[in-house]
Amino acid sequence: MSASVLFDAQGPRGRALSVVGNIVATVAVLAGLVWLASVLYAKGQFSASLWQNAVSAEAWQSYYLPGLQNTLRSALFATVGSVLFGILFGIGRLSQIRPVRWVSGVVVEFFRAVPVLLMMIFFYMFFSAQAQWIADRPFAAVVVALVLYNGSVIAELVRSGVGNLPKGQGEAGLAVGLTPAQTLRSIQLPQALVAMLPAMVSQLVVVLKDSALGQFILYSELLRSAQILSSREQNPLQALVVVAIVFIIINWLLTVVAHRLARLLSSRTAGATVEGTGIGNPTAVAGGPVGGGPGPGAGGAVV
Amino acid sequence: MDDFLAGFAELFARFDVLGAFWVNIQLTFWAALLSLVLGTVLALMRISPIASLRWAGTAYVTIFRNTPLTIILTFTYLVLFSQLALSLSDTLDTTFFWFAVIGLAVYHAAFVCEAIRSGVNTVPVGQAEAARAIGLSFLPAAALVIFPQAFRGAVAPLGNTLIALLKNSTVAAAASVSTETSSLMRTMIEFRPDLMVAIFLTFALGYVILVIPIGLVTTSLSRRLAVKR
């Protein structure tokens, strides 16, 4: 970052301009924040009781922590489920058998195109009507919807992970007499899985964020708990800010882990370890030249 | 079977399914426009020579990329509308619509910024060096040399962001936009629970029909526009 290719190392005039620019930009940002604060102050949003009620021990014990526990529980189940789903259908898409490949392709493309919220609402209403033996129906609907969507994304990661391995890996497997299926299982998949681990960790961020959609079907996750708290205390701004900060910290930590993993694992596989961007569909981004631009310095220098 | 078809036809006569999709398309269109502008400015900030701008851009992306969209859109309704009593128009529906557009744009701008940055990474160092060598300073170099190529390299990730935005526009229900698809689907299932699978598949298919062409167009565009090197 110190030596960007986009601008020269600055001389005296450039440095002076930079200082001026820094001051102007900082003042502008601060002015914006002060203006925001004054608007909120005028509306009485800095009254101590609103904030105290949003961060009190009671709020944490009765609302945030149980909510966070439910959020993490659904994310955990959804992650395990979507990894299994993803590996199964990823292998399906690489299968030698045409119908298997075709069916897996349709399933994966379908669930990647349908909004998670639609699936969640549908499964919730479906379970309520058809499967009342399920005790915690909102939880089941959240997990199923998250598994179908994120599992399909992971299936694509598996497929692109195997596709991005050097050709020689598969050829070597065939050359020593393994069948194509054996080559996939014992040579290509293990390397592809290692290569896609960072992208999977990034996908965890998506799972966690999407679990907040559970509020639509009355699943008492973190966001819904905060809403219940705020309807009692009349402090939605304060409660939502607290919840957003909790999400940001957890997701930011996950992103850091993904970053570290990518660097750590790059020596363990012939594939390229790239993290997804954490939005809906990281595969195409990950397949693109995120880390390895054409020039040797192009990747790191500009960012 | 006839009963099924008759029930289905009646449902479609009673509820405006295409109208609901049209609301989502409008949400997507305006939010895409706004987030493209905001995201480009953010990307420019993040590669600029001024440290505080870089810092502000990074902070924005870190904050909004890691916040669930549902929180942002719930915020527009519960906080901006109810608690702070802000309004964008005389009619409630229009106010909710534009709050939802702003919420969607603010969230997706972070991803647009990252997509453009990944496009910037496809531009070889030599291009930036050449721009400097002929005496262009940062802004002209970015505007004339780097960004035109970066946008062409960013078409695929921008297309993914657009697809995500279209699907995420259903979350506008949290911002109290009650005419969009997820709300309508819920109403229709409550009205005819016996047809719920068919209703879900109809809406799902609607999204498949919208999403797959966007994917095909952006993939072929990204190939056609890619700078041959």
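Trainee: Leaving aside neighbours within four places in sequence, which residues is B:Q149 in contact with?
Mentor: B:V123, B:Q127 and B:V227. Contact means that the C-beta atoms, placed from the backbone, lie within 7 Å. Keep in mind that this is a predicted model: local features need pLDDT of at least 70, side-chain atom pairs count only at pLDDT 80 or more, and totals for chains, interfaces and linings use all residues. Residues are numbered from 1 along each chain as its sequence is written, and chains are lettered from A in the order in which they are written.

Trainee: Where is B:Q149 placed?
Mentor: In helix α7 of chain B, residues 138-153. Helices here are DSSP runs of H or I, at least four residues, and strands are runs of E, at least two, numbered from the N terminus.

Trainee: Why does B:Q149 count as partly exposed?
Mentor: Because B:Q149 has 19 C-beta neighbours inside 10 Å. Buried takes 20 or more other C-beta atoms within 10 Å, exposed 12 or fewer, and partly exposed is in between; C-beta atoms are placed from the backbone.

Trainee: Zooming out, how many helices and strands does chain B have?
Mentor: 10 helices and zero strands. Of its 229 residues, 52% count as buried.

Trainee: What box do the C-alpha atoms of chain B fill?
Mentor: Roughly 75 × 45 × 25 Å, along the principal axes.

Conventions
Two residues are in contact if their C-beta atoms, placed from the backbone, lie within 7 Å.
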